[in-house]
Amino acid sequence: MTPADPVRFSENLLTDNPALYERAFPGTDNARFVADLVARFGSGPAHTLLDAGSGTGRDAARLAELGMTVRGVDISEQMVAYATTRHPGVRFDVGDLRTLDTAHPVDVLTCLGSTLLHLHDTADILTALRRFARCLRPEGLLVLEMRNGAFLLTDRGRRELLDHRALRRVDWEGVTYTSETRLTLDAPAQLLRRERRWSWPGNTEPVCQHTAWRLLFPQELRFLLSCAGFSVVALFDEPGPLTEPAWPGDGVLVERLTGDRLHVVARRERDPR
């Protein structure tokens, strides 16, 4: 393999090459975001945390540095292998949100970066939320961060997401990778679909990736969480790790729920139905 020939197991170039993913998305302070919310809404000290959709392991490692015992789970074998090598002090496992399990209930469960929205069927989302509840101790906290479906109900949302193609250039190992991304709305399926084309010098055929996020609306998410045994203690769009200004902003949680990101803190109240 040469620097101009990244690993390719699938059409998802970033998942197949976690180091390229980290270069493309240098990261946000998700650990501080989670720690602040747990301190604000938790029912007592939080010692254990399960990060569902842990990716390259950055967030899990930073949370471990704050003194928590952290375990990460991700569906990508490449991401788990990378995270295990980079952060040997944290345990990482391959797993699916719909079958998530833990030997002992944890104090906090995080699912960030729209990971939940890669489940497109409502039944699958509810299954995942029920698994989250089973992994948490009574009164344990669930912290979610994701795209906000209601953003596409606004003129700004449709303009920013649907009316242009986004270009990104990433320098990695001496090669410049260029991605061109286009988003489209699939209203019947309630999905935001993404087509991303990667090209780089020496590559004759662009790598085309097709993914989609389920569009969940705030009240819909409240209902699903309730069905899974949670009560929502905070639901807000700003500030957050990916908003402007970013977390913590001025410390006031904005609940207009028309922004691009949706942030949820929910408490496990009872056994899931």
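What is the order of the seven strands in the open sheet, and what is the sense of their pairing? The order is β3-β2-β1-β4-β5-β11-β10, and the pairing is mixed. The views below come from a predicted model, in which local features need pLDDT of at least 70 and side-chain atom pairs count only at pLDDT 80 or more, while totals for chains, interfaces and linings use all residues. Residues are numbered from 1 along each chain as its sequence is written, and side-chain values use heavy atoms, with hydrogens and water left out.

View 1. Strands here are DSSP runs of E with at least two residues, helices are runs of H or I with at least four residues, and both are numbered from the N terminus. Two strands count as paired if DSSP finds at least two bridges between them. The seven strands form an open sheet with mixed pairing. β3 (91–94) and β10 (230–236) each have a single partner strand, so one side of each is left without a neighbour in the sheet. On average, neighbouring strands of this sheet are turned by 20 degrees against each other, direction ignored. For such angles, axes are lines fitted to C-alpha atoms, for helices over the stretch in contact, and values run from 0 to 180 degrees between N-to-C directions.

**View 2. The β2-β3 pair with helix α5.** Four bridges join strand β2 (residues 69–74) to β3 in the parallel sense. R71 has R91 in β3 as its bridge partner. Helix α5 (residues 77–86) packs on the sheet and touches β2 and β3, where contact means heavy atoms within 4.5 Å. The direction of α5 makes about 165 degrees with that of β3.

**View 3. The packing of α6 and α8.** Helix α6 (residues 122–135) and helix α8 (residues 218–227) pack at an angle of about 50 degrees, and their axes are 9 Å apart. α6 is therefore oblique to α8; angles under 35 degrees count as roughly parallel, over 145 as roughly antiparallel, 65 to 115 as roughly perpendicular and the rest as oblique. The crossing of the two helices is right-handed, the term for a near helix turned clockwise from the far one by less than a right angle, with anticlockwise giving left-handed. From α6, the residues T122, I125, L126, L129 and R130 meet L224, L225 and C227 of α8. This contact of α6 with α8 divides into six nonpolar residues, one polar and one charged. In these classes, Ala, Val, Leu, Ile, Met, Phe, Trp, Tyr, Cys and Pro are nonpolar, Asp, Glu, Lys and Arg are charged, and the others, Gly among them, are polar.

**View 4. The packing of α3 and α4.** Helix α3 (residues 30–41) and helix α4 (residues 58–65) have axes 8 Å apart and pack at an angle of about 55 degrees. The two are therefore oblique to each other. α3 passes α4 in a right-handed crossing. The contact brings N30, A31 and V34 of α3 to D59, R62 and L63 of α4. By class, the contact of α3 with α4 holds three nonpolar, one polar and two charged residues.

View 5. Four strands in the order β6-β7-β8-β9 form an open sheet with antiparallel pairing. Its edge strands, β6 (166–172) and β9 (207–214), each pair on one side only. β6 and strand β7 (residues 175–186) run antiparallel and are joined by seven bridges. V170 has Y177 in β7 as its bridge partner, and W172 stands opposite V175 in β7. The hairpin of β6 and β7 has two residues between the strands, and E173 takes a positive phi near 50 degrees there.

**View 6. Backbone details in two loops.** The peptide bond from E238 to P239 is cis, with omega near -10 degrees. P239 lies in the loop between β10 and β11 (261–268). A cis peptide bond also joins W247 and P248, with omega about 10 degrees, and P248 is placed in the loop between β10 and β11. S114, in the loop between β4 (106–111) and α6, has a positive phi of about 65 degrees although it is not a glycine.
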